[in-house]
Amino acid sequence: MKKLLFLLLLGLPFSRLAAQDYFPNNESVRNENNNFTAFTNAKIYVTPTQVIEQGTLLIREGKVINVGKSVALPKNCVVYNMEGKTIYPSFIDMYTNFGVANPAAYSGSREPLYDTKRKGFYWNEHIRSEVNASGFYKYDSAKAEEFLKAGFGVVNTHMADGVARGTGLIVPLSDESKTNKILFDKVTQHFAFTRSVTTNQAYPSSLMGMIALLKQMYHDKNWYKNGNSTYKDSSLEALIENEKLVQIFAAEDKLNALRVAKIGKEFGINYILKGSGNEFERIDDIKKTNAKFIVPVNFPDAYDVSDPYQANQMELADMRFWNQAPTNLKVLTENGVVFAITTDKLKKLEDFKSKLLKAIKYGFDKTKALEALTTVPASLLGKPAELGNLKNGAYANFIVTSGDFFDEKTILYENWVLGNKYVVNDMNSKDVRGNYELTFDNKTYQLKIEGELSSPKAEVKTSEDKKVNAKLSMANNWFNLLLKSDDSTKVEFHRLMALVTDTNQFSGKATMANGTESYWSAKKTSVTEKKAEETAKLEINKVFPVTFPNLPFGNLQKPKQETLLFKNVTVWTNEKEGILKETDVLIKNGKIAAIGTNLSDPSAKVIDGKGKHLTNGIIDEHSHIAISRGVNESGHNATAEVTIEDVVNSDDINIYRNLAGGVTTSQLLHGSANPIGGRSAIVKWKWGLSPDEMIYKNSPQFIKFALGENVKQANWGINNPTRFPQTRMGVEQVFMDYFNRAKEYDEAWKAFNAQGKKGKVKAPRVDLELQTLAEIINKKRFITCHSYVQSEILMLMRVAEKFGFRVNTYTHILEGYKVANEMKEHGVGASTFSDWWAYKYEVNDAIPYNGALLHNQGVTVAYNSDDAEMSRRLNQEAAKAVKYGNVSEEEAWKFVTLNPAKLLHIDDKVGSIKVGKDADLVLWNDNPLSVYAKAEKTMIEGVVYFDIETDEIQRANLAKEKSELIMQQLQEKNKGMITQEPKKKEKIEYHCDTLEH
Amino acid sequence: MKKNLYKIAFLLLPFLGMEAQQIPAPKQSKSILIMNATAHLGNGEVIENSVIGFKDGKLTLVADARVVRFDVSAYDQVIQAEGKHVYPGFIAPNATLGLVEIDAVKASDDENEIGTFTPHVRSIIAYNSESRINETVRMNGVLLAQITPRGGRIPGTSSIVQLDAWTWEDAIVKADDGIHLNFPSTFRRSGWWAEPGTIEANKEYTKQVEEIKTFFALAKAYVSESSSQKNLTYEATKGLFEGSQTLFVTANEEKQIIDAVEFTKALGIKKVVIVGGYQANKVTDLLKKNNIPVLLQRTHSLPMLDENDVDLPYKLATLLTKAGVIVGLENSGDMERMNTRNLPFQAGTCAGYGLTKEQALQLITLNTAKILGIDSQFGSLEVGKQATLFISEGDALDMRTNKLIQAFIQGRNVSLESHQTNLYKKYKERYNQ
């Protein structure tokens, strides 16, 4: 070992390549520090798990030369005795935008831009993969100091703007050295679900648009890589060049993390996911992604709930999140998720330690914490040897502390970056905190010194216990106390100075207010007691359990499939048997097992159905609940590439409310902002499960189209429209154009695929939009089209006929009654509103008899909601078919069950009560079409997802939980901890025409 | 070019909406007797086998056919209504019928004047008695409405109309019945519709409440003495202090309601009604003590908080009724005009969640009439009141059975047709051809 060291030392002068050698120097003569620096007698964390007691750390020119128990010190060595101190590798924040300002925000016309004006780059301006943050990097010394005080030595930084954000770089938090401004350039490549501020290009306006854009971008990258392009695209070239870098995706939410992981899987990319701190809410799914994470510690402050009128308008979920958030790091660790910690989104960097300590109090392991700040980010960044440890050859980035970093009282003294010292707290400064007897001018005073070590505060009282105005400052162990003179008519001060060497007693010169000089002295009488409340701060709150989803009415456990036997119930079969009275229904293994009388099954839980009605679950053909960040991708007139399946939000309370209204299946549709909208998601409302578990297995594929006022932007309030189409005439042409192109696209691919291995035809470019439209022509995808007036209804059917397919469903279809024959002949179904009208010009002729008229002409008719509120009482809407147009009750009920199942091509599984079909059932207390009816149990595949009795228990528990959470928060406030004002997130209930950015 | 366009627009206008408009019914010259129907009186009572007579627009007989003696021949017309149901005309308070025809067409919108305190703005003169929406509302039993302006702190003065008239003057049941106040919210939005932000405590709340108090204090001072200089704004509030007008305060939050009640009491405003009332169930004692009724927000709405009981909007009427507060239902909100015809079903839903059917009926009949101050003439089937009623095939609070056969407003036999029924007939014809 010693020999090795010797060799090492010998080799040094040769291996040292003086980086600054080729820099001219006109300022002075050469003066470089080539000396060694040694830190001896310290407890050294070489890595979080390799600790040396009483060790020596030897560094030179910014790197660790040696570390160990006994290290031979060269002669040219400055030695610091670190007796009693602890040295850690300094921390790494791998997710910052340190020193990289956001680009200037776009400030032109407010009108949306559709097609890009920039040349030589990708067609979408939110793709900024060509950006290298190093070109914009400028050392920010103020911010650097904040990082240094928190214990950080290097950070990875990037330009936080756009969907594809270009490359990031690793920089040291020190600008001492001329050459080490940047440690490593182009280390990371960044992505996020946010639009660039530099442009008003409308696409993508939604989360699903961003996902589709990324997918198309990767396809285009591959196509470009294969030399198919005839022009230069700097954005794609950068993507190709940077594909081997560390890929970081700012998911910023647990569900987004799952979404990003899916993109990664599709394109073979292992993204590191920047989380938001709510990963614990769906930890099982997070774990399954196998992704590595970067997680913040910005746990929310307690809400100020002292005003009960405000508190009763706050969401329980927000309070619960406050309560649970500090457990995130612990939960991730327990589940084996590898993660680095970031300071991102902390309001103040100085809060970093207290937030981290909070996580540790809530069970996060200290060693894991150190790893998440050192070795993990170093290895995630691909620099495991160079960064995050103090092994030989690593950068000399370390902090010196008074002891265990995770002890609240521990003082961070120094932060060394590349061998340059930054003093956080002077380790030689004397701790003068305590109680003293102060003697001065022949009088005795009580002196109490409290506060931070670096900025102690003094309180002075006379022997008669009268307060004297005093101000203390400490610098370089010089004690300087200003004391107000006792002459109350004047504002005069005595100045007491002393150089402190012994904190038990010190003395010095006093300069009196009148200018005369004398001596003073202070003698310690006792140390300051820790306040009771400070220790109280250490207590942790009772943590409330996570529910699935983590919202009110979520379940502690995911509910299980049951075997249930309903006895003597009125059964609405939706089959030729019609409505059966006093009948038994057995459900088993998620299916309807038997229908009859006197059924029995020993394993079944028996439910008395006397006086009650058992029906299928309601199916809503047109719903917009449970969608994350945007129901419309309004940035293009055609967006067949986007899909709601990418943005199903399993954590929406409206799911539970739908279940309480007897809804089991919904089609989540894209909005109606463009003629060719996005693909839909058909879901079963399995409350508590993940988005992907809600989506139908082998789901039939649909896409939303739209016609009329919305697509021609009639009510958007745009002064100078630039998006085609602006009339119904143009709408037809959009379809003609896209279907022609889709046909050509399809033929090109078919030709390519048919040529065999020896073919010379190059693979056409993958176009997700045309690919989707080709599926329609090939009858693999169905259209649900938003429609109102008869002219446009006929138009789309004729367009479809020209391309050899049929329109599957018209939704809204309020003038369908005018062309029922034509619709019947074409073979299209109708999913309409029971009675909506008068909300815009094109619904002037909407009549509530529409459903009945279409039904009577043999068209398959469904009633849908398009509305979060109405979706939970579609049974009432169905009843309106009885009122308006005298449809029989049995047929009216099919409007919200069997008929939408048919329109969705899922009637082989759901929509009627028939042996072998899915047990998606609802037990009602009354005729389901009655205004007085309510759902008592709602089941999907034999699992009870809503039960009126469980619901009652939940209500009581929620009230109790809220009051406990309020009490916890009041206690925090009482302890003097920071609270935030009551607030909550605004929620948007989507309709077809909801637009957002 | 622009001028020409306008010309064309004006030329076209008379044709739009002219199709299939119904003719208001003439004054009833006959005396009429409705026999053997189930009469739902609107005051909580039901007569299974009833006789209901009216003459000169007023009810002359409401009784149980089995116990009362009556002379059939004394009536010019007898309607046999066995198995049918008779109800007093439903009342839609806080409505904007006739103020907007098509939501998205700005030119058809007359509901929201600019300004913050505009009590002098009167809805009635903008009320379009020929709105095609009114006809579709009538056909479900809603025969009366309070036409209310929107927007600002005090949007203006409402009037109560019956829904079958040639002109707004003909339509008036009670002119300038109330002044409407939108109480400031204790929370405010920080984003806008396209970029939702957070909802935070409204720091201006106290200031905004103070502005209201100051306004009414000044108004009260003004109306106490005749002034040489007329102030239309203050003048308009006179009835509030005299007790001839009602102050309708839109307030959903507990704190808003308490503040509203206290300030109106302090200023001597005699009749106050809370509109909305989402948290009114938390202050029922206060409301009862001060004799303040509630026009409850749309039954068919979502709970405001995730943790609220799923059925809270459905059962609020029950909670308030059981606590002894007088409750009516109002229907303001999205697509409120066309949705007015669903008012009966909103009442019906309340019956599914705790009230009896007759109690639920009161929410849109006698209770509302009391709240609007028209209960001496409307709201129930009682002798002496106006004959504003209808006959339905069945339970009018249930969608399946709400099928009107005949409706009378002040005795006049009003049309139950609409452009919608005409289109229905027209297109049935298409499929018969």
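In the predicted model, strand S18 (residues 434–440) and strand S26 (residues 517–526) of chain A run antiparallel and are joined by six bridges.

Contacts between the chains were examined next. They involve 59 residues of chain A and 47 residues of chain B. On the chain B side, two or more residues each come from strands S10 (187–189) and S11 (198–201) and from helices H7 (254–266), H10 (336–339), H11 (343–352) and H14 (419–432). This side of chain B comprises 22 nonpolar, 14 charged and eleven polar residues. Strand pairing also crosses between the chains. Strand S45 (residues 983–985) of chain A runs antiparallel to S11(B), with three bridges between them.

The largest nonpolar core holds 367 residues. The members that touch the most others are A:Leu57, B:Val249 and B:Ile274. Helix H3 (residues 207–225) of chain A supplies the largest share of this core, nine residues. Leaving aside residues up to four places away in sequence, A:Leu57 touches A:Ala38, A:Phe39, A:Ala42, A:Ile44, A:Val64, A:Val67, A:Ile87 and A:Leu390. Another core, of 21 residues, lies apart from the largest one. Its members include A:Ala458, A:Val460, A:Leu472 and A:Ala498.

Note on methods. Residues are numbered from 1 along each chain as its sequence is written. Chains are lettered from A and ligands numbered from 1 in the order in which they are written. This is a predicted model: local features need pLDDT of at least 70, side-chain atom pairs count only at pLDDT 80 or more; totals for chains, interfaces and linings use all residues. Two residues are in contact if their C-beta atoms, placed from the backbone, lie within 7 Å. Helices (H or I, at least four residues) and strands (E, at least two) are DSSP runs, numbered from the N terminus. Ala, Val, Leu, Ile, Met, Phe, Trp, Tyr, Cys and Pro count as nonpolar, Asp, Glu, Lys and Arg as charged, and the others, Gly among them, as polar. Two strands pair if DSSP finds at least two bridges between them. A nonpolar core is a set of buried Ala, Val, Leu, Ile, Met, Phe, Trp, Tyr and Cys residues joined through C-beta atoms within 7 Å. A residue is buried if 20 or more other C-beta atoms lie within 10 Å of its own, exposed if 12 or fewer, and partly exposed in between; C-beta atoms are placed from the backbone.
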